[in-house]
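Subject: Structure handover

Hello,

Here is the structure I promised to pass on to you. Please have a look at it first, and then read my notes below.

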Amino acid sequence: MTHKELKHYIKTKAEDVEIKDFSSVIIQRAKAQPVKVTEPVREPKPSFFRPLTASLITVFAAMIIVLVLANQTGVDPVPDNTVLENMENVVALSTVQAISLIEVMDNELSTSNTTILRFGPQEKNDMIRDELADLSRYLETIEKLYASNDDFEVVDEVKDQSGFDRRMRFRTRDFMDKLSQYEIDYNQTFNPQTNRFSVLGKIKFGTKTYDLEVLGTKGSRAITLTVKKDELNYVLLDFEVIDGKDTYTVELIKNDLSVEKVTISLDQIDDQKVATLTFVEGTSTGTYTFTIFEENLRKIISIHYTLSFDDEVEEGDITIRILTLQQATIYSILVEPEGRASFSFTRGRMTSHMTDDVQNTQLI
Amino acid sequence: MDQLNMMIKELKNRDYTHFDVFYEQTKRQVFFSIIHIVKDQSLAEDLLQETYMKFLEKIELFDEHRNPHAYLATIGRNLAINMYNTRKKEIINDEVISAIPAEEEIQEEPDDDIFKLLDELSRDEKDIVTMHVINDLKFREIADIMKKPIGTVLWIYNKAMKKLKEKVGESHDT
């Protein structure tokens, strides 16, 4: 049974239900109701004591705040260990996501490099391709998430140079087994009273450097991370565990305007990692569920998608393979919409951030 | 929608000439937004009347740019949720076990009954399927009503339709 047939089936069944005609009863009741007359609201008399009480409360509150602040040393103590303990992988994956998005701001993948090989109803297929253009921004993260298999080889150590106390290094792999190196130099503060910490630093990725801020509470698996290209262009990322799933809410800010918001949740079903990407705000509205399988020792991305075009729901499966053409790699995308003919096209794959030495040795 | 808005203009002037037409065109959406929550035909009928009474009482607040179907469905849904919560408390407090229907009663319902079919779904799934498939509301309108992101609404809808597909397939096979 197709989606359309099921909708028709439900609708027909609903129409079989007899609903009584209460219109005349409702009219009678409505006519019998008195027309409401709104009474003027009388202003309460001003009280002489009210402003005095308010002033006293304000003065006492101010005194309490001053006393509390006076008891503090002024600067939060800097802890010996990293405040990001047990959250290193979360910070690593958050950074990977943020960097891949911020890179797209500079170098947006063009839709002009797509080639239709075969298609069904053109209009719907074009819309799916537009949606997939937005999806492709997240494929780098998906590749690195699955290929690194939760092991980002994080090293966090004390550093006494360039005005930073600590350095965190980690690396990721992608489906072509290429390595990317990330370096975060940072200072940290921790408030033992509130258990809150903050991290301020710089991320070095290839030849580029970005500002980083991480806020969180020790002991809780939740952080807010901001990666800035500049004051107007940045990525805001919230990590928290919802219903037992690691959930990232990622917001892309371009020229000080929020242009896209997505959630990525990670789940483990039958020993298989399942990532779900949902477009929450922005021009796209799709939900994509990713799983990975192997074919001739090559990793293939398998996606189930649900898209909404006004009131129509479009769903189906996508298979993405990576093809190597000379020194470049491209995505070969096969779309199989439910109830319609499949079609395929290709898209450019971002490979520009690999470190030079790694690229030279690993390039196939 | 233009015809509905014309009738709403009349209703704002307490002119009920075409109320029966208005009721006929909107009752199904309202009824289904109520029945799947309260699961009781006569209670749903009472709330159906209450929904229209509430709508007429506050009709001057109705913004003509809004979808009247979505507006009425929201009133009905809220009334049903209030009623459901009140009844749930009463049942828990009084331990009225007799409120649970006997097994034979359940079996008497036809297998492909719409209410039984929707009962396969969770509360959110039922809400979304009812609003989209039966009430013809758009996903953006549903997201507004349910105060959920549109992506979440789509995800829940997709999950619900998969469940229903399996259920309907099963009942058609047997």
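Let me start with confidence: chain A has a mean pLDDT of 78, with 79% of its residues at 70 or more. (pLDDT is the predictor's confidence in each residue, on a scale from 0 to 100.) This is a predicted model, in which local features need pLDDT of at least 70 and side-chain atom pairs count only at pLDDT 80 or more, while totals for chains, interfaces and linings use all residues. Residues are numbered from 1 along each chain as its sequence is written, and chains are lettered from A and ligands numbered from 1 in the order in which they are written.

Within chain A, strand β6 (residues 222–228) has the highest confidence, at a mean of 94, and helix α7 (residues 356–362) the lowest, at 36. (Helices, H or I of at least four residues, and strands, E of at least two, are DSSP runs numbered from the N terminus.) The pLDDT is also below 50 over residues 108–120 of chain A, a stretch with 27 contacts in the model beyond near neighbours in sequence. Two residues are in contact if their C-beta atoms, placed from the backbone, lie within 7 Å. Residues 354–364 of chain A stay under 50 as well, with 15 contacts beyond four places in sequence. Where pLDDT is low, the predicted coordinates should not be read in detail.

Now to where the chains meet. In chain A, 30 residues are in contact with 34 residues of chain B. At least two residues each come from α1 (3–15), α2 (23–32), β10 (272–281), β12 (298–309) and β13 (312–325) of chain A, and α1(A) gives the most, with eight.

Chain B has nine helices and zero strands. Of its 174 residues, 35% are buried, meaning that 20 or more other C-beta atoms lie within 10 Å of a residue's own, with C-beta atoms placed from the backbone. Among its contacts between residues at least 6 apart in sequence, 63% join residues at least 24 apart.

Helix α7(B) is largely enclosed by the rest of the structure, because nine of its 12 residues are buried; Lys126(B), Asp127(B) and His132(B) are among them. After α7(B) comes Asp136(B), with a positive phi near 60°. In α3(B), the buried residues include Leu47(B), Tyr52(B) and Phe55(B).

Enjoy exploring!

Best wishes
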